[in-house]
Structures are given as structure tokens and as C-alpha cells.
Amino acid sequence: MAVDLTPEQELLRDNVRRFMERRVAPVINEHEASKTFPFEILGELAEFGYLGGRLPEADGGFGLDYVTWGMLLEQSGYYWMSLRTLVNITNGAINRLHAYGTPEQHERFLRPLLENRRRACFGLTEPDTGSNAAGVQARADRRGDTYVLNGRKMWITNGASADFAIIIARTFSPDCDGGLSAFIVEREAAHYDVRPLDTMVLRCTGTAELGFNDVVIPRENLLGEEGGAFRNVLKGLNAARVNIAMGAVGAAQAALDLSVEYAKTRKQFGKPIGSFQLIQKHIVDMTIRTEAARALAYNAATALDRGRDARTECSIAKLYATEAAHEVANMALQVHGGMGYSTEYPIERIFRDTRGGMIPEGTTEIQTLIAGREILGLSALT
């Protein structure tokens, strides 16, 4: 799809691609094998807007619109989904701190994130709480000038590496009777438990389980108002869904490009396999899904830029793009045959990582119910 980017957006995209080819692509296999991530690359990407890109320029950001930001995430997804994911997690923390943090919190936590001097994660999901964010059971009790936090958080991206976590917990105080609040929990000061988790997808993103057992948090580490976190979390979901959709589009395009090149150069029975009818059918189907996913993702980003709520557009984009990306990766594996299984070749990694997009920020099933509610005006969620 020929997305109508401005000359400035095209220049940014081309510069990002050159950087990715030079700096990111050569190190992916090494880090995939060791399940590590080169965090210094985030700092190097900052000049393109990958850290705080959506923030106003006056606050240390780039003032990027959603389409430009989405284009950046598409490019990161094209090269490495683990990179796209950590960009998303880091900027999620940046955006929350910017929106709800105090000036002191901006100085202590936001500025170091923008300068790539600290790492963050976000803790919402729990062992028994996934799609139902309102079911959070982690508990924070206010005691004088502190809160005491107890509970567990599961599948926390970057949890193994983060210097601090933004944790959502049910809060009890004289001013709050069980509402959800957000807390900045510093790993070095709070000494919470971190258990790294091995996953099939996104192996370089430091997924972990976090445990909090009478962890004491200073009152000044409350992020936003007591009881306001649930509303604030919901506010960011549409943009987060577009972010995942854009990364999925990039991964689908990468699988398609690799398959086209392979089909042209791989020979069987004395001719390129791309001349076989069924291989051409795979390539055409892959192209259709990639183009459709891109159109839906950019449509959702455009709707956000126009100030619309865009729940339907964002849910549909996330639903379709993530499923389409995995379908494209599956067909790419078929085109590549045995070569596609090799961990030294990108298809195996793309196949695994695209499967991961169907679950975070609301599963495929949840996106379907959200879209159905918006279209019909009838909710199946309650």
C-alpha cells in the first residue's frame, strides 16, 4: 500500500531504515541466542523520535502525530519485534509519567527514561487477572507517609531488566476504598522479587513475574491520584492497540519481502519456485493480508490524529493486523520449506513473534467483543 506520507515522513523513514540495516540487523541473531537486548540501541534511536516521540517538544519530546509514530513502529517491527515491543513498553512508561507525574517524578523518572539512563516496566496483569483489568488483586495499604504493597504481577515485559516498575494495585486509605492506583516501585529501594520467564515469543524482552511482599513505597511515588488508575489505563488502550498493529504490519512485510526474494532465487526442477502456481498463490495471499493490515492500521492512526475516540478502528486494526501477520509468517514458512525452520534465518523468529501479538493489549477475542459492542450498541462483555 502506498501510504501518503509527507516528504518529511519519508525522509525520517528512510533514515530509520538505514540505521536499522547498519546497527540493528547485524546483532539480532546474537541477542536472540542469548535472550538479551542491546539497550544502548534505544538511546541511539532517540534521535529519530523513538523515545518520547509523542511528547510535546517543550517537554523533551518530538511532538509526533500518530501516523508518524506508527510509521516508526512499523519499521521497528519490520526488523525485530523485540525492539518494537521494548520501544512500546518504554514509551508507555514515558507517556504515563508525563501525563500523571509530578515535577519531581518527571525529574527522577521521566528524564532518565528519555535519556535512556533507566529502564521501566508496567505491571497490570496478574496470575489470575488478564483481560479483566478491573479484577486486579494486588493491594496497597496506606500507612502514614508510605504504602505497603502485596501481590504478584505476571508476564511483565522488561520486568527482568527494569530499574523501576509502574504497578497497578487496589488501594486502601482514608481517601480510597479499593480503587486502582498506580505506584512507581523502585527495584533497588523496594527489593521486590523478580522471576524471569522463558517464553516462545519475544525472547529478548525480559518477561518476568514480579512479587511484592510487604514492599514499602514512599507516598511521593504514587503516580496520579488514588483510585484514578483504571480510568487512566483505559485512556491509553486505543493508542497501544495501534502500536501493536503497526509492529505486526512491519513483521508481515518482512516475511513477505523475504519470501518474494526466496521465491525468485530458490530453484527446483530447473526453475525458480516463484514460477510455480501454488507458490504464487502464497505470495499473493501474503500481499493481500499485509496491504489490508497496513490500511487498517494507518486508518486507525489517522482517526486518532483527527481527535476521534476510534475504539472501533483501533480494535479492528489490532485484531486483523496481528492475525494477518501470523498468517503471513505461516505462509512464509511454507514458501521457505526446511530453510524456514532454521534459527539462523529470520522466518523462524518472525513466525514465533507474530503469534505473540494476538494477546497483549486485549486478546483477539476481546477486540472482537469491543468492535461488536461499538457496531451493534450491545455489549457482550457484561
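The legends below describe close-up views of a predicted model.

Residues are numbered from 1 along each chain as its sequence is written, and side-chain values use heavy atoms, with hydrogens and water left out. Because the model is predicted, local features need pLDDT of at least 70 and side-chain atom pairs count only at pLDDT 80 or more, while totals for chains, interfaces and linings use all residues.

**View 1. Two annotated spans of the chain.** An unreviewed UniProt entry annotates residues 6-115 as "domain: Acyl-CoA dehydrogenase/oxidase N-terminal". This span is 70% helix and 0% strand, and its end C-alpha atoms lie 28 Å apart. The annotation "domain: Acyl-CoA dehydrogenase/oxidase C-terminal", also from an unreviewed UniProt entry, covers residues 230-375. Here the chain is 77% helix and 3% strand, with the end C-alpha atoms 24 Å apart. UniProt positions follow the numbering used here, feature names are shortened, and annotations may be inferred rather than shown by experiment. Helices (H or I, at least four residues) and strands (E, at least two) are DSSP runs, numbered from the N terminus.

**View 2. Helix H4 and its surroundings.** Helix H4 spans residues 66-79 and has 14 residues. From its first C-alpha to its last it reaches 20 Å, close to the 20 Å expected at 1.5 Å a residue; the expected span is 1.5 Å times one less than the number of residues. Of the 14 residues, 12 are buried, among them Trp 69, Met 71 and Tyr 79. Buried means under 20% relative accessible area, exposed over 50%, and partly exposed in between (1.4 Å probe, protein chains only). The buried residues of H4 pack against helices including H1 (7-24), H9 (237-265) and H10 (277-305), where contact means heavy atoms within 4.5 Å.

View 3. Glu 107 and Arg 111 form a salt bridge, with their closest N and O atoms 3.4 Å apart. A salt bridge is a side-chain nitrogen of Lys or Arg within 4 Å of a carboxyl oxygen of Asp or Glu; by this rule the count comes to 26. The two residues are four apart in helix H6 (residues 103-114), so about one helical turn separates them. Glu 107 is partly exposed at 48% relative accessibility, and Arg 111 is partly exposed at 40%.

**View 4. A salt bridge between a loop and a strand.** The side chains of Arg 118 and Glu 186 meet in a salt bridge of 3.6 Å, N to O. Arg 118 lies in the loop between H6 and strand S1 (120-123) and Glu 186 in strand S5 (residues 176-186), so the pair ties together parts that are 68 residues apart in sequence. Glu 186 is buried, with a relative accessible area of 18%.

View 5. Asp 285 forms a salt bridge with Lys 281, the closest N and O atoms being 2.6 Å apart. Both residues lie in helix H10, four residues apart, about one turn of the helix. Asp 285 is buried at 15% relative accessible area, whereas Lys 281 is partly exposed at 47%. A network of salt bridges links Glu 32, Glu 348, Arg 352 and Asp 353.

**View 6. A nonpolar surface patch.** Ile 316, Ile 375, Leu 376 and Leu 378 form a nonpolar patch on the surface, with about 430 Å² of accessible area together. Patches are made of residues with over 30% relative accessible area and no salt bridge: like charges are joined within 9 Å, nonpolar side chains (Val, Leu, Ile, Met, Phe, Trp, Tyr) within 5 Å. Accessible areas come from the Shrake-Rupley method with a 1.4 Å probe; for residues, only the protein chains shown count as cover. Ile 375 lies in helix H13 (residues 364-376) and is exposed, with a relative accessible area of 60%.
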